[in-house]
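Please open the structure in a viewer and keep the selection tool at hand.

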Amino acid sequence: MALIFFDYDGVVVDSLAVETKNFVSACHEVGIDAVNTSDDMAKLSEGNFYQGLMDWGVPQDKLKVAMDIYAQKKESPDFHVDAHKPIVKLLKKLTKHYPVYVVTSNTSNTVERIMAENGVEGIREVLGAEKETSKILKLHKVMAQYPGEKTIFVGDTKGDMVEAAEAGIDVRIGVTWGWQKPWIVASGNPDYIFDDFSTLRAWFKGFMKVTK
C-alpha cells in the first residue's frame, strides 16, 4: 500500500490570483504591508509560508488577526477557485485504494468545501493552517498512524519539497502548473517533477499497478 499526501493550492486548484487578492486584503486591513503581489505569495512558498512571513518581520499577533479575516473572506459567496479537473479525477481514484490526506497552508474548511463541490470523497483528513502551520509536524502526525508505510507527497513549491524531505517522505513529486516557476520547484530537489496533468496521472497509474 502507500500513504499519499497532496498539497492543495496550485496542485488541485488554480488559486494564486484569488488567494493573493484575499490574503493581501486581509493583511492590509491589519496594517501588514509586507505582502502585496502574487510574486510575494510565491516567494513565501519557497519555505514554510508562515515562517516566511515572520522572517519578513510580520508580528505574530497581527498575522493571527489577518488569518482570521482571511478565513472570513473565504466564506464569502464571491470566493471561487477553479479545480484542475484531471487532478480531481485522480484524487477520486486514489482515495478508493489508498489513505489520502491534504496537507495545506490554506484553511481546512475552504479545502473541504471545494472538495465537496467537486465530488471528491474519501479524503481521510484535510490538515490546514489553523490546525498547525508546519507541514513537517502535520506530516509526522499522520505518518505515525501508518508506521513503515511508503509515503508520497505531491506539491507545487520548493517549500513543499523541502518540508516533505525534512519530514522523511519517501517520494516527493513536484508539479509545475502551480504557484512557482519550474526551476524554483526543481531547486527543492523533488524525486520527480511533472509539467502536465497527464504525466502525473500516468505515474500514479504505473504505481497503482505494482502496489494494489
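Begin by selecting arginine 113, which counts as partly exposed at 25% relative accessibility. Please note that the model is a predicted one.

Arginine 113 and glutamate 117 form a salt bridge in which the closest N and O atoms are 3.4 Å apart. Both residues belong to helix H6 (residues 108–117), where they are 4 residues apart and therefore separated by about one helical turn.

Now move to helix H4 (residues 60–74) and select lysine 64 and aspartate 68, which are likewise 4 residues apart, or about one helical turn. A salt bridge joins lysine 64 to aspartate 68, with 3.7 Å between the closest N and O atoms. Lysine 64 is exposed, at a relative accessible area of 54%, whereas aspartate 68 is partly exposed, at 39%.

Which parts of the chain does the next pair tie together? Select aspartate 7 and lysine 135, whose side chains meet in a salt bridge (3.1 Å, N to O). Aspartate 7 lies in the loop between strand S1 (3–6) and strand S2 (13–14), and lysine 135 in helix H7 (residues 135–143), so the pair ties together parts that are 128 residues apart in sequence. Aspartate 7 is buried, with a relative accessible area of 4%, and lysine 135 is buried as well, at 5%.

Finally, display the whole structure, in which a search finds 9 salt bridges.

Methods: Residues are numbered from 1 along each chain as its sequence is written. This is a predicted model: local features need pLDDT of at least 70, side-chain atom pairs count only at pLDDT 80 or more; totals for chains, interfaces and linings use all residues. Side-chain values use heavy atoms; hydrogens and water are left out. A salt bridge is a side-chain nitrogen of Lys or Arg within 4 Å of a carboxyl oxygen of Asp or Glu. Helices (H or I, at least four residues) and strands (E, at least two) are DSSP runs, numbered from the N terminus. Buried means under 20% relative accessible area, exposed over 50%, partly exposed in between (1.4 Å probe, protein chains only).
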